[in-house]
Structure formats: C-alpha cells, structure tokens
Amino acid sequence: MAAALTVLLIGCLLQTALCGQFKTIIPQTIKVLSGSCVTIPCSFDVEDQYISRIDGTCRAMWKSDEQTVVFDSSNPQSSAIQGELKGDLTRRDCSTTLNNMRPEHSKEYLLRVQCDVFKHSFRDQKLHISVTDDPPTPTLTPSTLKVEEGTSVSLKCSAPAPCLSHPPALTWTSSLVHIQESLQENLDRTKVQTSVLTFTASRLHHGKIISCTAVYNKQDGSSQSVSTSLTADVSLSSQFIILPQTIEVLSGSCVTIPCSFDVEDTYKSNVDETCRAVWKNDQGTVVFNSRDPQTTGHLTGKLTNRDCTTTLNNMRPENSMKYFFGLECDNGLKYDFKTGQMDISVKDDPPTPTLTPSTLKVEEGASVSLKCSAPAPCLSHPPALTWTSSLGHIQDSLQENQDRTKVQTSVLNFTASRLHHGKIISCTAVYNKQDGSSQSVSSSLTADVSWSSQFIAFMPQTIEVLSGSCVTIPCSFGVEDTYKSNVDKTCRAVWKNDQGTVVFDSRDPQTTGHLTGHLTGNLTNRDCTTTLNNMRPENSMKYFFGLECDNGLEYDFKTRHMDISVKDDPPTPTLTPSTLKVEEGTSVSLKCSAPAPCLSHPPALTWTSSLGHIQDSLQENHDRTKVQTSVLTFTASRLHHGKIISCTAVYNKQDGSSQSVSTSLTADVSLSSQFITFMPQTIEVLSGSCVTIPCSFGVEDKYKTKEDETCRAVWKSDQGTVVFNSRNPQTTGHLTGNLTNRDCTTTLNNMRPENSMKYFFRLECDGVKYDFLEKQVDISVKDDPPTPTLTPSTLKVEEGTSVSLKCSAPAPCLSHPPALTWTSSLGYIQDSLQENLDRTKVQTSILNFTASRLHHGQIISCTAVYNKQDGSSQSVSTSLTADVSYSPKHTTVSVSPSGPVPENSIVTLTCSSTANPAVRSYTWYRADGGQETVMGTGHVLNIKASRDIGPFFCEAENAIGSGRSNISQIDVHIAPQILSSYGCIQTADQLNCSCETVGNPPPALQWYLDGLPVNHSDRFATSSEPLNISGLRSIITVSQPQQRDLSTLLCHSSNSLGSATQRFCVNNLEPQISAKHQDFVMLLVFITIIVALFLIICGLLLVIRAQRTHQVVHKSTVAMSQVLTSGEADEEPNAEEEAIYINTNEARQGGVAEPAANSEPNSANLPGEEGSDVIYSSVNWKTKSRKRKEEDSEQGSAW
C-alpha cells in the first residue's frame, strides 16, 4: 500500500514538472514616477495541450479588473494606457511598456492572452503598480565610509529604472576618480541603474560630502532629481606620500602633480611656514624649488596641510623621466620621499578622448547619454570638449581619477530618433598650450538607431516662440510595417490644432489653413520637421501631425500633441555657471545659451565684456529643439575682479524688427600670493606700429605692503638690457596699467624687426625689487600685417538662412587698431574690440545677412587696414565664396521645333531651371482645368503633336524643394474640319443654317449658293462667332426660303493647310430640320413602311389559309375528338382552350376527313409551311374521369 502511494506521489510530481500550467511570472510591485513609462518584465506558461495554439494571432491585454482592458497590443495607441508589447508571445514573453503613467493608474493589473483559438486571463498573479509624484531616493553601498588613508574605496549608487527607455542618469557631486555605470537586473527582472565610484582614500578626502544624484527624465521632456550622500571619514597614516605613478603630458603644456604626504608623529610640528617643496629627477637634480620657482612652476598645495600638489610649466619631451618629492624646512626637517616616484611622459600629440559607450545601438525614443573623457594634466589649461553633432543637452565637468589626476568630461544627453541613424557623432578635445598654440584630437562613433513599427510621432511637448518669428517643429514618425511601403512621394504633412482644424498643408503651404510655412523634413525618411511662419499670440495652442498619402494612407497622430506658446518677449539667456568665483590664473569658460525656435533666424549672442576667445554653435536639446550657445573662454586675472560680464541675445523677427534680452554675473577673482606674472607668450606686431603688452603680477604676502607709489615698471630684453622704464619713458612707450593694482600693462612704440626678441617684467619699489623671469613675452615684428580670419572659413547654407560671418584681425597696438571693411555689403555690420585668452586684443567685425540665391557664387572678402604710427598704412584681405543652396528657380519650358508644328509630328520638350544643388528630377504635367495629369519625366520629353494635347508645364525638383514653369501650349497646325453639329432650322418666313469648323491656323468660313459666294444682304444675313482659339461658327439666315431654290447651299471652310465643304440638302417648300432631326424622321418612315408590308403579308396568308380549310371543318372536328379521347384520361391542359396540331397523314390514315374550314381566327399560315400537311383545330376540354383503354389506339398521336 505504501509503495503504491509512493508511486502515485511520484507520478503527481512528474505530472506537475512535465506538464505546463497556467501561470505568469511578473513582479509583485513596481514603483513608477508620474509622467514616466513602466516596463513590466513578464513571461507566462500554459498547459501543454494549448502550447501549439500560441501563435502569431495572439495579442497581450492588460486589465485593471475583469472587465476593464487598459492596454491591447493589437491597438496600442488607442488603448486607455498607451504602450508597446516588447516581448514575443510565441516565446511566451509578455514584457510590456506602458507610457505616461499617472497617479490614477496606481492599481493592480493582470495579463490576458487572446488568440484566434485560445483565450485565457491569468487571474492568479497580479501586478501592483504604484505611481508617485517623487522619484525614489538612490541607495549608497556602503552607506557610511570609514577607511584609512591609502585604502582603495568603491562606492555603489543604485536607483530603480522602471522605464527602460528613460533610465535615471547618476552623477557624483565629488568626482573623485573612475566611474563605471551599468544597468543591472533584480531578482524579479526589474532593472536598476548603478554607478560605481572607485578611488584611493586620501587625507584630502576626509570630511568631504560625497553624494550621488539620480536624474529621472520623463516622457514629456521634463525631469526630476533626488540625491543621497555620506561624509568620508579617512584616518591618517604616520609617514607616506601619495602621488600618481604615471602622468602623460602634451609638449608645451604644464602638468599638475596631485601630491599629499605625512611625516612621523615626532616631526609633525616641524611642518610649518618655513618649509618648501623640492622636486628632483631620478638622478637627484633639483628641477623645482617652491622658494624660487621662477619659470619652472609653482606650488599649488599648502605644505602645512600635508598637500604638496605642484604645477610644472612648459614641459618638453626631454623632461620625460621619473621625479620624487622632497620636503625642506628651516627648522632642520629635510626628507626625500624616494619610495614614491612618479613617471612623467611628455608627448608631441595629445591623448585621444574616450567615448563611453564606444558604440551606440538603441531603439528610437530611447534616452541616450554619451560621455566624452579627456585627461587634463594641466589644470590651468584643461582640454575643451566639443561635439560635432549637437544632438541634445551637454554637461561638462572636471572629474578626478583614482590617483587624483584630473579628467575633463562632457556628457551629451538626447533622445534617439530615426534621424540620428547613421550619423557620425564625434567628440573633439582641444588642448591649449602655454605658448598660446593648440592641438586637437577627436574620437567618434556611428549611431545605430532601430525605429518603431507602429503609428507613433516624436516631437517636443512644448515650444516657446517669440511673436512675429517662426517656429521649427522637430518631428519624426513611425508607421506599422504593413503601411511602410505607402509612405512615398505622394504623401503630404498636415498639421491640425487641438480642435481638428487644418492650419498647415505641405502640398499648398502658402495658402492652406491659418499658418504659412514649409516642410523641411523628408516624409519618405519619416521626417516630418516643419517650419511655421509669423507666429502670433492667438496661435498659442496645441497641435498634432497628420499624414495623408494619395495611395489611401491617412493617419492623425493624435496621441502626441505639442503645445506652442507664443510670447511677446524673448526668453532670457542662461549663463553657465551662473556665478564666477575663481583664483587668478585659472582658465574660465562661460557658456551663454538662448533657445532658437526659429532656425532661419537664430538669436545672435554677444558679450559686453570681450575678455577672451568666443566660440558660437547651434546645439540640440533633449527633445531635438535647438539652442544657440556662445562659450567665452579666458584666463582669470585680477583685472577681471568685480567686472560685470553680460550676455545679450538679439532675436531678429521675420518682419525685419528685433528684440533683445540680457543676463549677467559679476566676476570674483581672488589674487595670487606668490611672485608671478600673467602675460602673453607671444605677440606679433607690424613694423612701424606700437605693441600693447597686457600684464598683471602677484607678490608674496609678506611684500604686499611694499607695493606703493614708489614702484615703477621696467621691461628688459632676455639679454638683460632695459628697454623701458616707466619713471623715464621718453618716446619708447608708456605704462597704461596701475602698479598698485598689480597691473603692469605697457605700450612700446614704433617697433622694428630688430626689436624681435623676448622680454620680461621687473618691479622696482623702494621696499621690493623683483625680476619676473619665469614668464617672458616673445615679440615678433613683421613687415607685413597678419591676414584677417573669417569664421566660418567656408559658407555653405540654404536660402533663407540667417548668416553671421566674423572677420577677426589682431590688434596689438590699441591706439591704432585695424579698420575692417567688407567688399560685399550684404547686411548689418557690427564691429567690436575683443579680448583673447591671453588678454591680447582682436578687432572683430560681424556681417549679418539672410542668405539668398543672389549671393550664390559671390566672393565675400574682409580687408584689414593697419595704420602705423608714422601715418602710413598697410592692408591685407581674406575672402570666401558663398555656396547657397536653393530650390529650383526660373523654371522654363522650350519647345522644338519652336514654331507651329503639323499634327502627329514629334515635338521635343525641354525643361530648364537654375538650382543648387542641381535638379535631380523633372516631371511633366498636363493642366486639364483643375486636374494635373503626369505626362512623363525627364529633362527632355518627346511627344506626338495632337489637337488634344492641351496646356502643360514642367516641375523641377532638387534636395531643397521644387519649382514649376509657366503653363505652355504647342501650336499644332490642323487642316480644317467641319463638325457634325451643322444643320438648319426652318420657320414660317425664314431659314437658319449653322456651320461649325475647327482648324489651325484658324479657318475662314464662306457660304455658297449656286456656286457663288453668299454675302450679307437684305436677302441673306450671315454672322460668325469663335468657338475657341481654333474654331469658328457661322450662321446664315435666309428670308422667304420658299421663294428660292436652296438645293445648292454649301458651307466652305479653309486655311493654309486645306479646305472642307458641307452641302445642305434644303427643299425650299418643306420645313427643314437639322441633320440629326432629319435622320430621325427617315428612321420613322422606314419603320412605317416595314410595318405596312408586314400587315399586307399577314392578310394574304389569312385569305389563303381560309380557302384551303373551308371544306374539312366538320370532318376535322370529328377526327380530332377521336384522336384526343385516345390519350391519357388523367391529363388536362392548363387552359380551357388550346390549339392542337396533328399530322394530317396520320389523321387521314385513321379515317379523319380534312376540314372544310378553319375556325381559329388567330391562326395564320407561317412562311415555308404547306397547307396540306397541317390541320388547325379548336378543342374544348372538360374535366371528367376516364378509364385508360387497354387496347392501343390506331389513330394519330397528339404532339
């Protein structure tokens, strides 16, 4: 019994293991941020007997209860909650993404799978979705940090990622070292975004707050962020040094060595203000001493804080070797930290930036973050990172590696679109050297974006526009696979407002709807980007995109609306950072950003304090809207302290007017506390002109009180010769700066080629004298002025684009800056004197104009005129050739042969147009009233000349747009032809005849009577009227026609190709009707004659039959009754009286006599019948019962 029970249990277990059951595997709970999507990881199983029924007909449905379906994968866009089935139901993967979740969607959901032959609701497993207004706080692991100095630390930040297309972006506020990000999976298959921060703990980290911020980007383009943090507790060791093992440096640049140290407890009190930092190479040679740094570098750390961080300047390949740190104090403490050596490698080429991830393969609509990283060994000149495809929001930061070296990072965030597919996205790192030159290097990847196979549109949620300006709506869309082939050249873009009113139609963009504009995208590429012109406040409303094609595809993408807000005032530009607090000598980058909703008229950004190099670019936001940016880069100096730096955005409207708005900050620059000067590395000067040397300096704290009115500026050549003394300047120059403000800016006059050499500054005061040998300026005096620079150096734009060309020329002599002029005065010109990064000046002139086809091929040049101090001048120019692309213009048609052509001859049509780029297709249309019918394609079209060819035109198309010719028509020569509509109408006292003819050349009509032409008289009245360009109608009126013989009346039509004649058959006594009416009368006469003949024949036949049958009437009746009674007794005719036909031969054989007469009044002998072979009789049937005779009747059979 026990054994049997065991077997039964095993069988049950096997049954459960081997046989499927109805179940789903889904999380129990998912928390979602309101406005974001949720991806539900889901798989299911069914009983084995139903597995074969899970096929391609199946769809996934999510229900909030038994009756309410909130999502149906067969119609995802019309569901209560829109979304997309991510899994493959045939593989029992029911993973689904639900979009735009709201707090009211917080409830339990269950899965239903419905196929043609299978339906099941999985009620046993339910998912609870909780939608909250605040994102979840990220988690730090470990949650506290207590380590010893030198320990390797890994901190992990984790944040739930319920929406896979928009995972949270994790950032660390203290960029301490290497960061590694990944998307990981929980036990229930939900996802979590993680970021691991790895670094080596140092005393410098002690007490630092390390925080991790999670930024959740919602589907409407907005975002929310939340942070978590900890405070580092780092215990110090008794003796050691921490510095990198290796640093790679670009030749000509500096290197900042992060360094910290400690000493044994007994010597800690010796580390005081008397200590100095000494760096030696591996051969023991001192290469730097912080007490006398001169040009070699400077100590940036504070030794009393055990910070020995040092910057070494102007590194060269021969400086590639190992170095160690030494501490020397006046109190007897001296120690070389030889155990920790650092290998510096100086390269001629900068390091290639790193892209993370290195490849990009995503789905359309996914949120993408690309990080570009480049080493920053020289902290005063970190690399500037730029993206060649400005696809979205860019965030730059300087982060710290594990060994405390720095890395410049730039994170590009955007939403992937099909328009990004195949695009090369590259990041360029520009390294500025200490001598003013620069080197750049790039890294790139190609975007691989797969797009949706459902009806969906991608566009911004909101766009703010300035009244009177245009708005460019970035737009892309997808359609279901079955309709992809329908998206062709017949499609047009239609934009409707939220009330369903069409406001724009790309087929007739200038007149249809309430707004004009143009489609800038290509619908066949699923690009519906559109520009709407001249927006007004009353146009502030929501809009959606519609696709309409001639092949039957029509779809309104109502699930995605865009809210356009038209304002009377432009948006205020944004400064990043919003405050500026730096140390003197620091390289500063300020970015000014202003929305650019109208791409043909982006805002022009200008800086009121031209402090350094300016780089403008048009970048792309996360939602593909554009933003104009201007980056101002300069080296902070004490002269900048307290200066108001402002950025102004000028918005040019489509009506020619403009509005501007500004934002500003005040620079807070802290001064250096060591002997140091700031001046350019090199200055190029025109012979005979002056040179202004921008210069500032710093002194050690203990000498600051010595800076007073007794100080003077002295400039010496590198050979030690004094070339200028501010106390006795003579004519050599003058001090323009104020030494008490540490401004040593000086102008030297009348420079000559023999003055080309290096110079340094010397400060001489009663209490302090110092030669600033560590920084020298190399002045190069040239006989020819420098060539001005055009930015951009090439001009390739579309017609209608707003263009800004900047011409820049160095201005070394501030009293005589170059005058800049443009040879082609195309628009508005704005001149300004700006400041380079090294505080030298540059004269700039910006030419603003709107590109037109008339500018194409024009040479635009800028000339710089340098006025020398002796009154003479020299000039130099630079130029570019404008390449303006425009849609086909001046489209014309030529016809060969050009004159009149005979009918049915071959005519060659040629379509010509001016366009840039060249025309790619020509299409010929026949203009039939309101209809346009395609005749053919090609630059040249050969057709057969026909009278029916009608008016036509050609359309030329290139990549920009299309242009149409005027309507043309071929002059086809046709011989005269008289139309069939001729005829006459006669009344009691007159006859009116009309004759219509066509031909080309237009024919002449002449009436003839008796062979003579008929002219207008009292007896004959003639009149003519044109039918069309090649037709004519003539009417002749004859008075008292009965008195004339009109039988010879003729209508004669003639032109140069021939003639045609029509004779009118007119009887002068009978009223005449038209030819058509006459034909009808003749038809009636013919029918009457035929009917009459038929009646005569019928009468004759009746007479003949009556004569033949008169004698046999009685005998025929008897015979017929005998014959009929021999038939079936039970059968009866359908009528009481019917005609019976009998064979007369058989009747005679049966003894039936021929009838003497025929009593059938309606009978007639048919043609071809012989009267002797047929007997006609009338029979009266009566209903009665009969018995069938047993004997056969010998009489004839009835037919």
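In what order do the 3 strands of the open sheet with antiparallel pairing come? Keep in mind that you are looking at a predicted model. The order is 39-44-43.

**Stop one: the sheet.** Select residues 471-473 and you have strand 39; select 517-519 and you have strand 43. These are the edge strands, and each of them pairs on one side only. Going from one strand to the next, the twist averages 15°.

For a closer look, click on Ile-473: standing opposite, in strand 44, is Thr-530.

**Stop two: a loop.** Jump to Ser-95, which sits in the loop between strand 7 (83-85) and strand 8 (96-98). Is Ser-95 buried or exposed? Ser-95 counts as buried because its relative accessible area is 9%, under the 20% cut-off. Show what Ser-95 touches, leaving out residues up to four places away in sequence: you'll find Ile-40, Pro-41, Cys-42, Leu-85, Lys-86, Gly-87 and Arg-189.

**Stop three: confidence.** Colour the chain by pLDDT. The average is 82, and 87% of the residues score at least 70. Then select residues 1-19, where the pLDDT is below 50 and the model has 3 contacts beyond near neighbours in sequence. Finish at residues 1068-1076: the pLDDT stays under 50 there too, and this stretch has 22 contacts beyond four places in sequence.

Key:
Residues are numbered from 1 along each chain as its sequence is written. This is a predicted model: local features need pLDDT of at least 70, side-chain atom pairs count only at pLDDT 80 or more; totals for chains, interfaces and linings use all residues. Side-chain values use heavy atoms; hydrogens and water are left out. Two strands pair if DSSP finds at least two bridges between them. Helices (H or I, at least four residues) and strands (E, at least two) are DSSP runs, numbered from the N terminus. Axes are lines fitted to C-alpha atoms, for helices over the stretch in contact, and angles run from 0 to 180 degrees between N-to-C directions. pLDDT is the predictor's confidence in each residue, from 0 to 100. Contact means heavy atoms within 4.5 Å. Buried means under 20% relative accessible area, exposed over 50%, partly exposed in between (1.4 Å probe, protein chains only).
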